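Hi everyone, thanks for coming along. Let me put the structure up on the screen, and then we'll walk through it together.

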Amino acid sequence: MKKELPVSANAKNVVSRLQEAGYETYIVGGAIRDMLMGRTPKDFDISTAATPEEIRQVFGRRSARIIGKRFRLAHVYCGGELFEVATFRRAPGKNDQTSGEEGNLIVSDNVFGTSFEDAARRDFTVNALFYDPGKREIKDFTGQGLGDIERGIVRAIGDPGLRFEEDPVRLLRALKLVGQYDFSLDSATENALFSKLPLFELASPSRRALELEKILQSGYGDRQLEAFHDYGLLSLFLPRLDQVWEKETGRRAMSLLFERNCRMEEGFFRNSLSLAVAVIALPFVEAALGRAAGTLWSPGDGADETVEQIVGTLFQPQNLMVRVREAACRILALLPLMEMRDSRMERRIFSSRSYGHARELAFILAAVDKKDPGELERLWPEIPPERGSRNRRSRGRRSR
Ligand code: ATP
Ligand code: MG
């Protein structure tokens, strides 16, 4: 189908250079889906007939780096943007694809193939659309992707049960699409999802953690988590959140996340993973420290240890990156200090590198608790005065 999609100039450039070198190349994946849905894609993934070495020859060693051991692909830098460029792959043959012990679970996924085979090995029809920006042409190799986007349907490519067995992370990926776009599952995919749900426990912790990060950063996390809960996946993915889902703590966590996502979309604050973690953990901390919602705990008396314990375990069995965990703890530790409105604390608050995040959390909280943000505006300027003057001093030192 011919259609003009709003692809960035740099992405077009990467595609056309590979095509001019003789390699069939497309933009693929979530970006096509997002553009067809009228949303701005967060990045453009590219698939090509060129092998990683050939990609490197086209762009040169300085602009293209081969990464990954198990699944090799190239990172291509163009106009200050980074693109993931992957070689077309096919689903591995029956004998080399599975682990033996775990039935159909795919353990190796790095066999090059054609563009058609590359579409067929993808998870859902709406994720298997390829776009040639030069020709302004969408290739729908499964024949159902465009119709499914239009009707809002998540449909596994091939036998849904088998596709979930091959890779149980797809259970979560299907429901991410349900939450993000308000799509429905096609009935065969839905039946297979319910029957294969227990397999989710076989999904590798690192890939689960990667999906968790993307969910928290997506801006649709609240709706995706809701879809997980509706289909019974949340108890396997985030059991601690699932346990309190119907209770005040769970409802409050989702209201705070919703508010954070709205404010992020409105441009109040950047996309921060540690802030999202702090937002979800906040009601758990309130509950553990025995304060009523809307009244913050007092710092000291082991409060920091409680915060660390909650942030450290809330998202298990996935592990958060240490850096993210520490930043979320800093944000949560600042919040009650800000609430105290004690001028002796100002220096410590303003000089914290988590000040901006904690300030944003205070605004999110005020919105959810329906408090007037005017006082926050007055007390906590966007740029902390202390830090401003310190930066000026340090710039001075450097220039000397
Ligand atoms: P997002 O907007 O969250 O990035 P996405 O669909 O682009 O969504 P990615 O994880 O970036 O998700 O994956 C890019 C593409 O790779 C997908 O659109 C899909 O075609 C394919 N893909 C990713 N994960 C799988 C999987 N587990 N099984 C099969 N295909 C997959
Ligand atoms: Mg993507």
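This is a predicted model: local features need pLDDT of at least 70, side-chain atom pairs count only at pLDDT 80 or more; totals for chains, interfaces and linings use all residues.

Let's start with a question: is Glu166 buried or exposed? Glu166 is buried, with a relative accessible area of 9%. By "buried" I mean under 20% relative accessible area, with exposed being over 50% and partly exposed in between, using a 1.4 Å probe and protein chains only.

Residues are numbered from 1 along each chain as its sequence is written, chains are lettered from A and ligands numbered from 1 in the order in which they are written, and side-chain values use heavy atoms, leaving out hydrogens and water.

Back to Glu166. Its partner in a salt bridge is Arg170, with the closest N and O atoms 2.8 Å apart; a salt bridge here is a side-chain nitrogen of Lys or Arg within 4 Å of a carboxyl oxygen of Asp or Glu. Arg170 is buried as well, at 9%. Both belong to a network of salt bridges that links Arg163, Glu166, Asp167, Arg170 and Arg207.

How many salt bridges does the structure hold? There are 19. One of them joins Glu53 to Arg72, at 2.8 Å between the closest N and O atoms. That pair links distant parts of the chain, 19 residues apart: Glu53 sits in helix H3 (residues 52–59), and Arg72 in the loop between strand S3 (64–67) and strand S4 (73–78). Helices (H or I, at least four residues) and strands (E, at least two) are DSSP runs, numbered from the N terminus. Glu53 counts as partly exposed at 33%, and so does Arg72 at 27%.

Now the rings. We have twelve aromatic pairs, meaning rings of Phe, Tyr and Trp (its six-membered ring) with centres within 6.5 Å; planes under 30 degrees apart count as stacked, over 60 as edge-to-face and the rest as tilted. Phe88 and Phe130 make a stacked pair, 6.5 Å centre to centre with 25° between the planes. Phe88 and Phe130 are both buried. Ring pairs also tie them into a cluster with Tyr26, Phe116 and Phe141.
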